[in-house]
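Here are my notes on the model, point by point. Keep the structure open beside you while you read.

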Amino acid sequence: MKEIFIVEDDDGIRELLEFLLESQQYVVKTFPTARAFYKTVPEKVPDLFLLDIMLPDGNGVDLCRALKGSAETRSIPVVLMSAHADISRTEGADDFIAKPFDVDELLQRIEKQLAS
Amino acid sequence: MQSNDEPEIGGPGVLGVEFRQLLEDSPVANYLCDAEGKLTYFNKAAVKLWGRTPSLGKEYWCGSWKIFYPDGKPMPLEEIPIAKVLKKGSREEGSEIRIECPDGSSKFLLVFPKPIFAKDGRLEGVHSTLVDITDQKRDHIKKETLSAIVQSSDDAIVSKNLQGIIASWNRGAQEIFGYTEEEVVGRSITLLIPEERLSEEDVILDKIKRGIKIDHFETIRRHKSGREIPVSITVSPVKDSAGNIVGASKVARDITARLESQAAMEKYIRNLETLNTVGKSISENLDVQGILQRVTDATTKLTGAAFGAFFYNNLDDRGNTFQLFTLSGAPREIFDHMAMPRHTDLFLPTFRDRKVVRVDDITKHKDFGKNAPYKGMPKGHFSVVSYLAIPVISKNGNVIGGLLYGHPEAGKFTAEHELLVLNIAAQAAVSLDNSRLFEQVKSLSEKKDEFIALASHELKTPLTTIKGYLQVLSKKKADKISQLFLDKSLCQVDKLNTLVEDLLNMSRIESGQLNFNLEVFDIREMLKEIIETFSYSSQSHRVTEKLWNDSVIIEGDRQRIEQAILNLMTNAIKYSPKADEIFVELEVVGENVVVKVRDMGIGLTGEQRRQLFTRFYRAEDTQGISGLGLGLYLTKQIIDRHGGKIEVNSEYGKGSEFSLILPLAVQNFKKVNAYRKY
């Protein structure tokens with residue numbers, strides 16, 4: 001079973017994502033802040049990262065850069081999420097999805113990243 | 001006339017025949033009258049002089065045609081010299097008369113009448129000699145006239161010989177150089193020449209000797225008092241009647257006034273230029289610090305002040321009333337210890353009462369040095385004696401601050417300086433006002449953009465959640481009604497999302513932040529996809545297409561162009577609620593692609609067409625049709641930025657046709673195929 005780490009500060013979206021992904025048989029761990037995220041990573045790593053860009057104490061792009069720059073996490077796919085459609089395909093992320101997203105599209109992209 | 005050869009009265013016969021011939025041949029006019037005044041004899045010279053031959057024995061007193069006083073008044077008979085002699089019986093010494101000859105010419109004569117007495121003492125007649133002094137008279141008049149001219153001239157007119165010795169000196173020369181005629185005639189002209197310029201005289205004399213005139217030569221000469229006078233001199237050679245150069249005549253003009261006004265003019269022009277340059281750079285600059293520094297520097301220089309400063313009319317947190325902002329001519333450290341201008345009588349007029357204050361010697365001012373602990377100016381570096389303060393006043397009448405200048409010497413600042421600085425201060429005030437406004441606007445604008453970015457992000461967050469759950473519900477096979485409601489809800493969520501996107505995009509376009517992802521793609525393929533999706537989702541209208549029968553490659557931001565076309569098509573449907581069809585066409589015209597979207601809806605009036613692409617514009621009779629009115633505005637911005645055009649053709653009540661024109665990509669086909677995306 002594939003594991004996904006989600007970093008998202010909004011409760012509503014976090015819950016939705018948890019529900020959506022668990023319904024697809026993924027194991028999900030959620031973090032509301034970058035700080036919380038760093039407490040776990042890189043000791044524990046998932047099969048995929050799903051990161052919101054706007055965080056109260058950081059930036060998803062910076063997280064992505066850090067993950068890609070570190071040996072333990074470099075090979076793990078990163079999908080960035082944002083309300084701003086413009087910040088796309090940046091900083092080494094493997095994929096990107098705009099909010100509000102289409103549920104099917106989100107699931108498809110995650111599946112695609114996990115398959116490769 | 002006694003007509004015999006043996007004259008008894010004093011006729012020529014008395015003198016003897018030799019003398020008679022002498023008289024006859026004399027070049028001087030002679031004539032005789034009897035005791036009654038009748039002409040008895042005249043010689044050839046008299047005839048010549050009179051210009052006529054009188055009739056002997058018939059004419060009286062004189063053979064002239066007409067007689068006048070020398071000043072031109074006609075002479076009455078009894079005043080004629082001969083008549084007077086006859087009457088008085090005594091000589092009249094040479095009197096001057098003026099006669100007119102028959103041919104119109106006039107002559108000046110000296111008359112010497114002499115009574116002739118018989119042996120018995122009886123007056124027998126008058127012998128008169130006439131001397132023609134016409135030429136001398138004319139010369140004399142000329143000379144007097146010339147003399148008057150020379151004397152009345154304000155210029156110095158001086159003549160000298162070839163050794164440079166002064167021969168004549170007019171009143172003008174006395175006025176200019178201070179010497180009287182007596183003091184100077186007979187002395188060398190070098191008396192007037194300053195030592196360092198003595199060689200000029202040699203050059204001048206040399207040229208004069210060669211017959212060359214010196215014209216308007218500007219130089220310096222010396223007054224009797226030693227004072228130097230700037231002059232312009234013209235020296236001409238003076239020739240004698242034989243044509244030999246015997247001396248020089250010199251005209252000298254005092255050009256002090258001219259030089260002064262020239263200097264004033266040059267200074268004025270320089271000041272204007274400085275004002276202009278400073279003014280330009282002030283008005284070009286929107287940065288407050290820059291403006292003030294430039295103003296302080298320029299005005300310090302213009303006034304010749306040792307230092308200049310601008311103080312803001314503010315309260316800083318130490319309770320000092322005025323705050324030093326810019327400084328010119330002195331290091332800032334000095335001012336850190338120095339008095340900030342306080343509420344003293346000296347500074348208050350400027351900051352509170354908007355007055356210009358100019359003091360020649362501030363140490364004599366009653367308020368100086370009284371405000372402890374600032375007694376006087378800081379030691380060691382410089383002192384301030386001359387003081388000038390000019391308020392800088394905003395358009396609404398507030399004193400923004402004051403420009404202060406100081407100099408260690410007294411009386412350095414003039415009324416002219418005041419004017420100059422006031423002028424610049426006025427321009428600076430305008431600039432400062434503008435700068436403040438600009439800062440405010442910029443700040444507001446930035447705040448607005450920040451707000452919009454934040455708002456759109458915040459708005460999208462709950463939308464994400466709503467959309468997500470609605471989609472999940474939608475997937476669970478529910479009853480038809482539930483399914484319908486879910487679809488409608490999802491539709492609204494998308495609409496809401498679009499609205500938020502539009503708002504954000506508009507803000508981005510305004511602040512120039514919208515970035516395009518340029519791609520080379522086939523717009524025909526894109527249109528095909530769009531039309532297919534539309535046909536599928538639209539319940540009310542079908543799309544009739546007429547597409548170019550070949551690939552059409554353009555370069556642009558795919559997503560945004562798609563957005564633009566979707567927008568047009570959505571509008572077409574929206575604004576033709578009673579129709580059931582819209583038309584989409586694609587064609588290539590020259591080097592451009594033209595996409596047309598046509599509807600048979602409510603159409604647009606001329607006024608609406610004009611306003612259509614402006615922000616927030618919505619046609620009036622669109623009740624029941626939702627939207628923010630940003631769509632077309634954004635569309636236009638996007639197309640314009642792609643180097644294209646958007647046009648509308650419409651007739652009110654009949655429908656509208658929107659044309660989207662974009663440039664074709666300049667690529668050959670091979671390359672294009674490689675870029676194609678499916």
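Which residue of strand 19 of chain B is the bridge partner of D522(B)?

1. The partner of D522(B) in strand 19 is I553(B). Strand 17 (residues 518–522) and strand 19 of chain B pair in the antiparallel sense, over 5 bridges. Two strands count as paired if DSSP finds at least two bridges between them. Strand 19 (residues 553–557) is mostly covered, with 4 of its 5 residues buried. Buried here is 20 or more other C-beta atoms within 10 Å of a residue's own, exposed is 12 or fewer, and partly exposed is in between, with C-beta atoms placed from the backbone.

2. Some housekeeping. This is a predicted model, where local features need pLDDT of at least 70 and side-chain atom pairs count only at pLDDT 80 or more, while totals for chains, interfaces and linings use all residues. Residues are numbered from 1 along each chain as its sequence is written, and chains are lettered from A and ligands numbered from 1 in the order in which they are written.

3. Chain B in outline: 19 helices and 23 strands. Those are DSSP runs numbered from the N terminus, helices being H or I with at least four residues and strands E with at least two. Of the 678 residues in chain B, 31% are buried. Take the contacts in chain B with a separation of 6 or more: 55% of them come from residues 24 or more positions apart. A contact means two C-beta atoms, placed from the backbone, within 7 Å.

4. Now the six-stranded sheet of chain B. This open sheet runs 2-1-6-5-4-3, with antiparallel pairing. Strand 2 (39–42) and strand 3 (66–68) are at the edges with a single partner strand each, so one side of each has no neighbour in the sheet. The twist averages 35° from one strand to the next; axes are lines fitted to C-alpha atoms (for helices, over the stretch in contact), and angles run from 0 to 180 degrees between N-to-C directions. Inside the sheet, strand 4 (residues 95–100) and strand 5 (residues 106–117) pair over 6 bridges, and R98(B) has F108(B) as its bridge partner.

5. F108(B) turns up again with R138(B): the two are 30 residues apart in sequence and 9.0 Å apart in space, C-alpha to C-alpha. R138(B) sits in helix 5 (residues 134–152) of chain B. It counts as exposed because 11 other C-beta atoms lie within 10 Å.

6. Chain B also has an open sheet of 5 strands, in the order 8-7-11-10-9 and with antiparallel pairing. Its edge strands are strand 8 (166–169) and strand 9 (214–222), each pairing on one side only.

7. Where is the largest nonpolar core? It has 38 residues, and V295(B), A389(B), L403(B), I424(B), A425(B) and A428(B) have the most contacts inside it. Such a core is a set of buried Ala, Val, Leu, Ile, Met, Phe, Trp, Tyr and Cys residues joined through C-beta atoms within 7 Å. Helix 13 (415–475) of chain B is among the elements that give two or more residues, and it gives the most, with 7. Leaving aside neighbours within four places in sequence, A428(B) touches I282(B), I291(B), V295(B) and V392(B). A second, separate core of 36 residues includes M506(B), Y575(B), I582(B) and L662(B).

8. On to chain A. Strand 1 (residues 3–7) and strand 2 (residues 27–31) pair in the parallel sense over 5 bridges, with E3(A) partnered by V27(A). Together with helix 1 (residues 11–22), they make a right-handed β-α-β unit. Right-handed means that, with the strands pointing away from the viewer, the path from the first strand over the helix to the second runs clockwise.

9. At the interface, 12 residues of chain A are in contact with 16 of chain B. Helix 1 of chain A gives the most to its side, with 4 residues.

10. Finally, some backbone spots to check. Most residues other than glycine have a negative phi, and most peptide bonds are trans. Q25(A), not a glycine, has a positive phi of about 70°. A cis peptide bond joins V41(A) and P42(A), with omega about 10°.
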